Structure formats: structure tokens, C-alpha cells
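Work through the exercises below with the model open. Try each task before reading its solution.

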Amino acid sequence: MVISQQEFLFSVIKRLDITKNILAAKIGVSLHTLNLWLLPEDSVEFVPMPNEIEEFIYKQLLCNISKSKKYSLRDNIALNGKNHLLSVDQFDRESLENFFRVADLMKPISRRQKISRILEGAVLGNLFFEASTRTRVSFGTAFCRLGGSVCDTTGFTFSSMAKGESIYDTSRVIGGYVDIMVVRHPEQGSVAEFSRATNIPVVNGGDGPGEHPSQALLDLYTIRTEFSRLGKSIDGSCVVMIGDLKYGRTVHSLLKLLSLYKGLKISLFSPPGLEMPDSIINYASVNGNCVDIKSSLEEGLDGVDVVYATRVQKERFTNPMNEYFDKKFQIDLSKINSNCKKDTIVMHPLPRDGRPGANDLSIDLNNDSRLAIFRQADNGIPIRMAIFAILLGVITWLIIHYAMYSGLYLLTLGLTILLSIVCNIVYLGFISL
């Protein structure tokens with residue numbers, strides 16, 4: 001769990017819109033026991049909640065709730081009353097679809113077909129304590145496209161943490177300088193620490209082997225967009241995930257989001273020792289979804305709709321594991337042609353290792369239309385623009401902007417047509433002379 005037990009339980013109470021007494025009754029414990037679970041983890045009387053209770057809450061209470069219409073999308077995905085985005089756990093099916101509608105509004109702006117300044121004057125703190133290229137630049141670009149400005153910091157070496165400053169102090173100080181923070185940190189749970197120390201929105205840009213919610217959102221948005229083009233539905237589709245499923249935070253978050261859909265067949269194929277954690281498999285095994293582990297890549301690829309490949313996260317290993325870099329885990333053109341359908345889409349969170357012998361997603365797929373990795377990367381901009389607009393509460397201004405833009409466009413078009421008619425009349429009059 002990326003968030004603390006206390007935050008999780010308070011978020012459940014908020015999402016279900018119930019009291020502590022009712023929650024205690026629903027999960028079959030006394031109010032006293034629930035209160036012990038709700039204590040901060042550093043409290044002397046704190047008691048860990050059993051895993052069975054957590055699974056019951058996910059499967060029986062959260063999966064079927066429908067959020068009240070009186071709440072905004074920002075309120076619906078809020079975490080313990082704060083406007084952070086730390087985990088995909090914050091979404092249900094309805095809020096996810098509403099989120100994607102906002103991303104759809106952002107697409108013309110991300111493609112420079114329209115201009116918006118709804119974040120003019122706002123400042124983003126991009127705090128990346130772990131190497132990143134795409135995610136950091138993508139978040140920065142998304143914020144700038146909406147008129148904001150960005151302050152970047154990269155790596156521990158160039159931060160005050162190298163001098164021994166705590167996460168709490170860093171968060172409190174930076175939170176006084178900027179309006180929203182995106183944080184990437186190599187330790188799982190560290191971004192949640194940042195969020196607890198500040199009242200401004202915090203976005204999880206990746207916390208070690210934990211989660212990467214914005215990547216999962218853009219991945220699912222890509223599947224949704226590609227399927228829409230192909231006339232397919234995510235419900236009932238077949239997905240295979242290949243590679244490092246233990247340390248690959250992108251697959252952790254994506255599998256959780258896929259659990260919101262129904263009747264999926266999800267196959268997992270990974271090197272020994274790098275299997276998907278059981279807790280996430282259990283999380284996804286709801287709504288009639290079948291999650292199974294394949295013994296061969298060919299078996300996993302057979303007739304699937306989505307191939308999601310990941311590189312081995314060797315930077316997370318304490319000891320070198322070169323034996324995991326085996327060619328049988330590589331996705332290349334011959335395997336795709338032999339086992340997949342003509343409308344299968346091939347995805348990868350990037351970066352992929354294109355060096356000879358790396359056995360990552362092969363570059364021989366670059367000219368194949370089924371390769372969606374660059375369309376996938378492009379979708380990161382509207383998705384992250386949507387995150388900023390929602391967390392900062394400017395969706396209404398965006399809609400007003402669109403209305404004004406449309407009105408100005410129609411006015412300009414009308415004036416252009418009128419001017420054209422007048423010019424033609426003058427021209428014809430001149431000819432008749």
C-alpha cells in the first residue's frame with residue numbers, strides 16, 4: 001500500500017460517505033478495533049490491519065460503489081481530504097472515465113491546435129530525486145502548455161537532502177514556493193511522506209518499486225484510444241504483461257486500473273524471481289477478471305489484444321542478475337507475427353534498451369503499425385495536463401475558455417465571410433465599369 005493504513009481507512013470512509021461506526025459494522029469489527037487501526041503508525045497503540053480486511057474492503061466495498069453526483073471529480077479522487085495523486089487506488093470506474101474526458105479536452109492544446117493560459121502565474125515544483133527524462137519533461141511540458149512555469153530539481157546530489165535535510169523539511173519549504181509538486185523518489189512510500197508535510201497538491205511521479213499513477217493513466221488512455229479506433233472494448237479484452245513484474249511500478253499501477261473493468265483475461269510472464277506480487281494479483285482478480293501466470297511467452301502472446309512489455313529494472317537489484325536478460329523474454333517482430341492478431345497493440349512504458357543483446361522490446365518493430373509506444377508517450381501530455389487542471393481546480397475555467405474560444409472562432413469566421421462577400425461585390429462592381 002503506497003499510502004498509510006490510516007490514510008487508506010479515512011479515504012474509504014470518505015469514498016463510501018459513511019461514519020466510522022458503519023464502516024466497523026460493514027467489516028465486522030468493533031469500533032475500538034477500528035480506532036486502533038486509524039491511529040498514526042508511530043503511535044504506541046497502533047495495530048496493523050490484517051491483509052484479509054484490506055482485501056475485503058477492496059473487493060466488497062470499493063468495487064461497486066457509485067460516487068455521489070454532488071462531488072466534483074477533484075473531490076472524488078481526493079485522498080484523506082487532500083488533493084494529492086499518489087495512487088491509482090483513488091479512482092473508481094466512474095471517476096476514471098470522467099478523468100479521460102478531461103484528457104480529451106486537453107488533446108488539442110497538447111497538440112498546439114489550441115492555446116490555454118488557465119495556469120498562468122502558477123508554478124510547478126518538479127522534484128526528481130531519481131533519474132528521469134520522459135516523465136520529468138512531460139510533466140514540465142504539460143504545465144507550460146497550460147500557461148504555468150516550472151522549477152526543476154534532479155538527483156540527490158544537487159538537493160539539500162545530500163546535506164541531511166529530511167523529506168518533511170524539504171516538502172514544507174518547497175511547498176511554500178510553488179503551487180503543486182511532482183515528486184519522484186527511489187524509496188517506496190516516500191512521495192506519501194512529501195504529501196503529509198504540505199497542503200499543496202502532490203503528484204506521485206514514481207516511488208521506487210511502488211506505483212506510477214500518471215504512467216498507468218496514460219497507458220490505459222492509450223488502450224482506450226487505440227481500442228476506440230479499432231472498434232473494441234476494454235471489457236472482455238486479453239492483455240499480456242511481460243518482463244520485470246516485481247520491480248516494474250508501471251505494471252503494478254496499470255494492473256490495478258484494469259481491475260476496474262470486467263471480464264478481462266490478463267496473462268503474466270516474467271523471469272523467475274521477478275513475478276508480480278500476490279497482493280496486486282489479488283487486487284486485480286475482481287469483476288470476473290482472470291489473472292494467470294504463463295510458462296512460455298508464445299503461450300502468453302496467443303491471440304491477445306494488448307502486449308505490454310517492460311524492461312528488467314536492474315537498478316533495483318542488490319546483486320547483478322544477468323541471467324534474467326534472456327532472449328526468450330524479448331518481444332520482436334517474428335514473435336508478434338507468429339502469435340498475435342493484426343490489430344494487437346504493442347506497448348512499453350519506456351525507456352527501452354535498444355542495445356544489441358539487451359533483449360528488451362526489439363527495434364525491428366519500429367515500422368509496424370501495431371507498435372503504439374510513441375503514441376503512448378504522446379498521450380502523457382494531455383493526461384498530465386488533466387491531472388494539473390483537476391488537482392488545481394481549474395476545470396471550470398477550461399470549459400469557459402473553450403466556450404470563449406469557440407465564440408471568437410465563430411465571430412472571426414463570420415467576419416471573414418462577410419469581408420469576402422463585400423470584396424467580391426466591390427470587385428464585380430469594378431469589372432462592370
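**Exercise 1.** How do the residues of the lining of the second largest cavity divide into nonpolar, polar and charged?

*Solution.* First, the ground rules. This is a predicted model, where local features need pLDDT of at least 70, side-chain atom pairs count only at pLDDT 80 or more, and totals for chains, interfaces and linings use all residues. Residues are numbered from 1 along each chain as its sequence is written, and side-chain values use heavy atoms, without hydrogens and water.

On a 1 Å grid over the protein atoms alone, a cavity is a set of points where a 1.4 Å probe fits but cannot get out; a pocket is an open set with protein on both sides within 12 Å along at least five of seven lines; lining residues have an atom within 4 Å of a point. Points are joined across faces, edges and corners, and a volume is the space filled by probe spheres set on them.

Now list the lining: Leu245, Leu268, Phe269, Ser270, Glu275, Met276, Ile281 and Ile293. Sort by class (nonpolar: Ala, Val, Leu, Ile, Met, Phe, Trp, Tyr, Cys and Pro; charged: Asp, Glu, Lys and Arg; polar: the others, Gly among them). The count is six nonpolar, one polar and one charged.

**Exercise 2.** Locate the largest cavity relative to the domains.

*Solution.* Start with its volume, about 80 Å³. Ten residues line this cavity, with Ser11, Arg15, Leu79, Asp89 and Gln90 closest to its centre. Helices H1 (5–16) and H4 (51–62) each give two or more residues; helices (H or I, at least four residues) and strands (E, at least two) are DSSP runs, numbered from the N terminus. H1 gives the most, with three. Domain 1 (1–68) and domain 2 (73–211 + 379–395) both contribute to the lining, so the cavity lies between them. These bounds come from an automatic or database domain assignment.

**Exercise 3.** In what order do the strands of the five-stranded open sheet run, and which helices pack on it?

*Solution.* The order is S7-S6-S5-S8-S9, with parallel pairing; two strands pair if DSSP finds at least two bridges between them. S7 (290–293) and S9 (345–347) stand at the edges with a single partner each, so one side of each lacks a neighbour in the sheet. The twist averages 15 degrees from one strand to the next. Angles run from 0 to 180 degrees between N-to-C directions, along lines fitted to C-alpha atoms, for helices over the stretch in contact.

Ile242 stands opposite Ala309 in S8.

H10 touches S8 and S9 (contact: heavy atoms within 4.5 Å). Its direction makes about 165 degrees with that of S9. H11 touches S5, S6 (265–269) and S8, and makes about 165 degrees with S5.
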